[in-house]
Structure formats: structure tokens, C-alpha cells
Amino acid sequence: MSSAGPTTRVLPAGAAALAEAVRCLAAGGLVAFPTETVYGLGADAANGEAVARLYAAKGRPSFNPLIAHVDSMEAARRLAHFTPAAERLASLWPGPLTLVLRKPAGIRIADLATAGLDSIALRVPAHPLARELLQEFGSAIVAPSANRSGHVSPTTAGHVLADLQGRIDLILDGGPTKVGVESTIIACLDEPLLLRPGGLQREAIERTLGAALRDAPGAVQEARNAPLAPGMLASHYAPKASLRLEATSVASGEALLAFGPTPVPHPRDGPVLNLSPLGDLVEAAANLFAHLRALDASGAKAIAVMPIPRDGLGEAINDRLARAAAPRR
Ligand code: TXA
Ligand code: MG
């Protein structure tokens, strides 16, 4: 690869931008686009060279498989075997849900995109711009979060640019993403297993399944040590500053990531951001990565994080915070 890399253009959402994005993807280029969860870095899922460039742009370990995004259940069916539980869960599409399913032989997806596994991760996103892009492109787009490997996921076009300028071709700017944490990932190889808590809450999933959702062994609790969903490295979401979780007070010089109406005692010499002054977990999820980036950019060596409730989207928020606090590898 040349050292110069492509010039990264940022285009505001619109018909011209969409046409340009489709042209770029078809030519094997890399296009970042908003989904309702976070911005994704898209490549043509059938084009092995484009997928290889995508891994290179992110600096991602190539054993980490990608989510293939499609625009409809019909398209999803052509790429995977749906178990009865997967059929039920797919009724929650479009939305912040990814299903890991058995991969039939001979589908038009580059082996590199699934890291040679016999399973495939599929998602039908709900964001109107993502849906239009998928419809216009007409086949699957693989898209990891559009950040450098090891950084927090981007929730604005500016975050994408900060991480990937000169490494990708195009960024479609659709404003800040609504959900703010990545999709919930459920494996439906036989009985459904939660691989990653995310933007779709456990309660909605269990209601749809009519049963409790089991956590994949090691996946959620032991996030600290073991790659589980292959490539879910514990420190995946890390900012540069160290994180101190469940903080009940703040030391001098520490930044504070607060939650709720009453921030914990702090000396007021470090930056303070509140995920949700009203204590709303939906608002907190939407602000999580942007606030982590902003506190990190303040230069503080450490960020004290107040306790966040674990119900609803709190499960995904606490998962990302635990990963961000895990020791680097
Ligand atoms: O919300 C999201 O899911 C965003 C937006 C852009 O769609 N995407 C995203 O992708 O978070 P990424 O690549 O950052 O995370 C995908 C996760 C990885 O941890 C990967 O290991 C897991 O999905 N994964 C993909 N294919 C898998 C498979 N066949 N089996 C198990 N895990 C898989
Ligand atoms: Mg990611």
C-alpha cells in the first residue's frame, strides 16, 4: 500500500452523496456511514480485496470477523440458515440486533469477512441512510465500527474523521447516531446465546423469545481475559486515559464521567461530563462514546466513572466500560 493513502471526503447526507457512496463501494472503496448504533466502515462484502483494505485501514487483527449488513429479511435468508429462534428474533429487525448464524456453502461473501468461520454475523440496520445505501448498493456491506482498532466507536462523522482520515475514501455525514452503543449480538447456532450486550435490551429479546436469554460462556462476564466472539478483545473500547469504575469520589486531576442528578464529590479541577443528568440510560448510551472521547482528549490521565445501573441499556454501557477499563494487551 502507498504511504499517502486516499483523500477522505466528508459528504453531508443527500442523493449526490449516496450515489457517490454506491459508486465508491462498487469500485472496492471504503465508505463510513451512520447506523442507528454507531458509524460503520463499509466495504463490499463480496470483494476480498476491499475487505482486506478495510482491515488494514482499521488496523484490526484479521481473526476478527465482520458483520454483514443487508436491507431485508429476504436478503438475510440468502446468506444464512435461520433456526426457529433466529426467525423469531429477526422480527426485531430492522434494529440494533446482530444474529450469528450458520453460513451455507457458496454464498457471495469474501472468506476474509467471516475470518474463515462457518458462521456469519448479519444485521438489518434501521437508520434511513444505512437502509438507502444498502438498497441502492443492492448487496451485503460488511461494516465494523468506523474507528481505529482499540479506540472507542464513533457516534459522529467527526469521530470517524479523527480516527481514519487519509485511510478511507468517504464519510457520509448523517449527524450523531441515536443509540450510541453497538448492536446486541446473539448467536443462534443452536440455542440462542448472548455474545455481546448492546443497543437492543435484554428485556425485549426475552419477550420475543418467550424465554430467558443465556450468556455465552465466558462472553459477557469474562470479557476481561478471553476473546469470545472471536476478536472481542477485552480492551477493545479503550480510551488512552485509564478508567476507574464505580467511583464514589474523584481524586485531584482526575476527570469525572458522571451519571444522574448528583455527581460524586470531586475537587472540581478536572473536567466533568454527565452521561445523563436525569439518570436516563437511553440518553447515557447515546452520550457514552462521545463523552469518553472528550474526556480522553482533555489530557486527563485517569477518568473516574460513577456507578451506572445495570438494567436496560445499562447492561451494554457497563460492558463497554468494563472493556475500556481492562488492561491493554
Ligand atoms: O452496531 C454494530 O454492530 C456496529 C454497526 C456498524 O453495525 N458494528 C460493529 O461491528 O460493532 P464490530 O466489527 O466493531 O463488532 C462486531 C463483533 C466483533 O466483536 C466480532 O468478533 C463479532 O461481531 N462477530 C462477527 N462475526 C462473528 C461470528 N461469525 N461469530 C462470532 N462473533 C462474530
Ligand atoms: Mg468495533
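Modeller: Searching the whole structure gives one cavity of 30 Å³ or more, a cavity being a set of points on a 1 Å grid over the protein atoms alone where a 1.4 Å probe fits but cannot get out, with its volume taken as the space filled by probe spheres on points joined across faces, edges and corners. This is a predicted model, in which local features need pLDDT of at least 70 and side-chain atom pairs count only at 80 or more, while totals for chains, interfaces and linings use all residues. Side-chain values rest on heavy atoms, without hydrogens or water, residues are numbered from 1 along each chain as written, and chains are lettered from A and ligands numbered from 1 in written order.

The largest cavity has a volume of about 60 Å³, and 13 residues line it (an atom within 4 Å of a point). Closest to its centre are Pro-197, Gly-198, Leu-200, Arg-202 and Glu-315, and the elements giving two or more lining residues are helices H7 (202-209) and H9 (314-325), helices being DSSP runs (H or I) of at least four residues. The lining comprises seven nonpolar, four polar and two charged residues, with Gly counted as polar and Pro as nonpolar.

Terms used
On a 1 Å grid over the protein atoms alone, a cavity is a set of points where a 1.4 Å probe fits but cannot get out, and a pocket is an open set with protein on both sides within 12 Å along at least five of seven lines; lining residues have an atom within 4 Å of a point.
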